[in-house]
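Here are some exercises to work through with the model open beside you. Try each task before you read its solution.

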Amino acid sequence: MTTLITGADGYLGRRIAAALRGEDLVLAVRCADQAELDRKRARLADVADAPVVPVDLRDADPFAQVDPRRITRIVHAAAVIRFDVSRDTAERVNVAGTARVREFAHRCDRLDRLMLLSTLYSAGRRRGQVGETRHDDIGFVNHYEWSKWAAEECLLDRPELPVSVVRLPTLIAEDAAGDVAQYNAFHHTMRLYYSGLLTLLPGDPATPLSLASAAFTVDAVTALLAAPTGIYQVCPGPVTLGAAIDTAFAVFEQDPGFRRRMLPRPVPCDPASFRDLAQAAQRLRGGPLQPALASVTPFAEQLYLPKHFTTDRLRAAWPGYRTQDAAALVAAACTDLIERSFRVPTA
Amino acid sequence: MDGLYIGSFAHALGARRRHLRESAAAGLLQSAPEDLEAAGFRWHHVCEPGGTAYELAHAAVAEIAAGGGLTDIDAIVYATCLPGETGAGPVRDVKDLMDFPAGRLQAEFGLSRAIVVGLHQQACTGAIGALRLAGALLTTEPAWRRVLCVTADRFPEGAWYEQAYNLISDGAAACVVGRDPDVCRLLTVHQITNGGLGRAGDDETVGTYFAYTHRLVREAAARAGLTPADLDWVVTQNTHEKAWQILARLLDVDHARIWAPTLADVGHVISADAFVNLSALLGSGQARPGQRIALPMAGFGLNWQCAVLEVAR
Ligand SMILES: NC(=O)c1ccc[n+]([C@@H]2O[C@H](COP(=O)([O-])OP(=O)(O)OC[C@H]3O[C@@H](n4cnc5c(N)ncnc54)[C@H](OP(=O)(O)O)[C@@H]3O)[C@@H](O)[C@H]2O)c1
């Protein structure tokens, strides 16, 4: 059994490779040249003793260097995951790239599993209950979401392939201890609040968030590799936006530097107000607000679209599933952010 | 603040009206001119070389005097952000560092019975702080009738005419708070200070603006027994026009009731622009007796202050 992991040097790809250490792996990485490939090989050497092959999903035949006869499982983790990704890049890498993975999968005679790492937000503008089923296109708040939905459809359209679509939550820390190793919209927003650069809260405080650790998510992915094919929603147990903010501020307020600055909790605002703020901020000369908001703004609209993700299939397929305490994870991640990342002079 | 009125509004601006593109070309702005234009700014007013903040204050008070509003003044409260420039070189006699613009106004206008109070740590909110002090003085001095409130600032030559992404004008405003019926009743004044943000940079100032201004207006309205939605007018400082589109929604105030018509012509006059806008509202005839007006201001320090007035005539 040989597992090909795309995006193997990415945040999750690397951790999935480590979790499958000891198994037969092929690690596919994007690289511009031999020097980058060498660097990526060196960085993956301590993760797994496995061949590292160059695979750029934008190439016409990205898997030219991979022998399809060997491959029994594919974990497709490669993607451009920025919420502000352009339509063109999202189409080329996340959608057309997935189609190329699918073409390659068709050539793998012994293929047992093609697992796409997707996102809970492939649900787009839906509100209310979201099932572990295929979604219609009812619109998306950014090109990233759209492209992940389109990638799902690209694979789910082929019933002859052993496809699993695993919709992932937002990862905010390594594990329950809270170490942060990858920044996304959550961390950028927390930094803005901690440093007083933002006092508006985009979203409805009652909107549930699905926040998880990498450890939980990787456990889910590895468990689902052995489960029946189909769609799974890896939802660890939600925390509302308001509770997440209150938790974060309770942690911030323990910090003497933050306390001295007496920063207020953010005021919930409507989508138009947040759009106005983000638009005006584009003209603030070179400050930290603009780039941080750029990562948050394309996602902010989701915070007005409350969703409840069902997890019946996940729980049935993964006996090890345990609801996670998302508020405790927020607290742990914020503690880590203060200690290791956020530095504001107290004078 | 029972039984207090406010009127005799006057202001004076730097003599030279200049387009912000000209100031940008002269290196007097930090932001790109198109960015300030996108915020709604166009023109600003700067003093001629050698012109002083005191001259601006004098001009505003002279206008009140000309209208006969300078009678029975018991106190002068003078607010400024920039209380006197210190001369170059070592100082032997520290009184050279002292400046007494309120005292000079007293002498120039013959306000012999007035005492003077200076206010200089409230940045762009000082004019509202002056109203609060005036109210407090009239409350503790039952025999006093009228307090002259003045605010004046002039940027030093060579300084950027931009603060926290706002285009600045040199200018002054003045008014009188007293016991006799006047243009408006002064219902209340509210202030919030966060000294922890005393050294806030421009981005923090902008970042905290929304939560604090939201709180300020709500709390100020509540002190007058109102909600923000009860306010008939919110007369603001001249700042990015998007800021009050956002705040109007947050406060549930119709944006048509946000009043800052001089943004493009005058810019941000430190503590005076909300009074320039208030004069424009009162002059427009749109404010009717009984209507309630909030005058919120934000300033470095960081300070936020808001007065609530009721149109009396
Ligand atoms: N992290 C999360 O919170 C989260 C949440 C929900 C879903 N997911 C999904 O989980 C998967 C993994 O996410 P992640 O957090 O590990 O992201 P990541 O750290 O950004 O990793 C993505 C990987 O994809 C590679 N890649 C980008 N463009 C490529 C291309 N043209 N050809 C081949 N590889 C390319 C990247 O390589 P370079 O960096 O060298 O370009 C990187 O190795 C993604 O599909 C994402 O949509 C993640």
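Buried means under 20% relative accessible area, and exposed means over 50%. Keep in mind that this is a predicted model.

**Exercise 1. Which residues of helix 10 of chain A are buried, and what do they pack against?**

Step 1. Go through helix 10 of chain A with the 20% cut-off. The buried residues there are A:Leu289, A:Ala292, A:Leu293, A:Ser295, A:Val296, A:Pro298, A:Phe299 and A:Ala300.

**Exercise 2. Describe how helix 9 and helix 10 of chain A pack.**

Step 1. Start with what you need: two packed helices are described by the angle between their axes and the distance between the axes.

Step 2. Take helix 9 (residues 271-281) and helix 10 (residues 289-300) of chain A: their axes come within 10 Å and cross at roughly 150°.

Step 3. Classify the angle. Anything over 145 degrees counts as roughly antiparallel, so helix 9 and helix 10 of chain A are roughly antiparallel to each other. Their crossing is left-handed.

Step 4. List the contacts. Helix 9 of chain A brings A:Phe274, A:Leu277, A:Ala278 and A:Ala281, while helix 10 of chain A brings A:Leu289, A:Gln290, A:Leu293, A:Val296, A:Thr297 and A:Ala300. Sorted by class, this contact has eight nonpolar residues, two polar ones and no charged ones.

**Exercise 3. Now do the pair made by helix 3 and helix 4 of chain B.**

Step 1. Helix 3 (residues 53-66) and helix 4 (residues 101-108) of chain B have axes that come within 11 Å and cross at roughly 40°.

Step 2. That angle makes helix 3 of chain B oblique to helix 4 of chain B. The crossing of helix 3 and helix 4 of chain B is right-handed.

Step 3. From helix 3 of chain B, the contact uses B:Tyr54, B:Ala57, B:His58 and B:Val61; from helix 4 of chain B, it uses B:Pro101, B:Arg104, B:Leu105 and B:Glu108. The class tally for helix 3 against helix 4 of chain B is five nonpolar, one polar and two charged residues.

**Exercise 4. Find the surroundings of B:Leu20.**

Step 1. B:Leu20 belongs to helix 1 (residues 20-25) of chain B and, at 0% relative accessibility, counts as buried.

Step 2. Skip the neighbours within four places in sequence, and the contacts of B:Leu20 are B:Leu29, B:Pro33, B:Leu36, B:Glu37, B:Phe41, B:Arg42 and B:Leu167.

**Exercise 5. Check some backbone details in chain B: which peptide bond is cis, and where do B:Tyr165 and B:Asp252 lie?**

Step 1. The bond from B:Gly301 to B:Leu302 is cis, with omega near -20°. B:Leu302 lies in the loop between strand 13 (292-299) and strand 14 (303-311) of chain B.

Step 2. B:Tyr165 isn't a glycine, yet has a positive phi of about 70°. This tyrosine is in the loop between strand 7 (162-163) and strand 8 (166-167) of chain B, and its 8% relative accessibility makes B:Tyr165 buried.

Step 3. B:Asp252, also not a glycine, has a positive phi of about 65°. Its loop runs between helix 7 (241-251) and strand 12 (258-259) of chain B, and B:Asp252 counts as exposed at 57% relative accessibility.

Conventions. Residues are numbered from 1 along each chain as its sequence is written. Chains are lettered from A and ligands numbered from 1 in the order in which they are written. This is a predicted model: local features need pLDDT of at least 70, side-chain atom pairs count only at pLDDT 80 or more; totals for chains, interfaces and linings use all residues. Side-chain values use heavy atoms; hydrogens and water are left out. Axes are lines fitted to C-alpha atoms, for helices over the stretch in contact, and angles run from 0 to 180 degrees between N-to-C directions. Helices (H or I, at least four residues) and strands (E, at least two) are DSSP runs, numbered from the N terminus. Angles under 35 degrees count as roughly parallel, over 145 as roughly antiparallel, 65 to 115 as roughly perpendicular and the rest as oblique. A crossing is left-handed if the near helix is turned anticlockwise from the far one by less than a right angle, and right-handed if clockwise. Contact means heavy atoms within 4.5 Å. Ala, Val, Leu, Ile, Met, Phe, Trp, Tyr, Cys and Pro count as nonpolar, Asp, Glu, Lys and Arg as charged, and the others, Gly among them, as polar. Buried means under 20% relative accessible area, exposed over 50%, partly exposed in between (1.4 Å probe, protein chains only).
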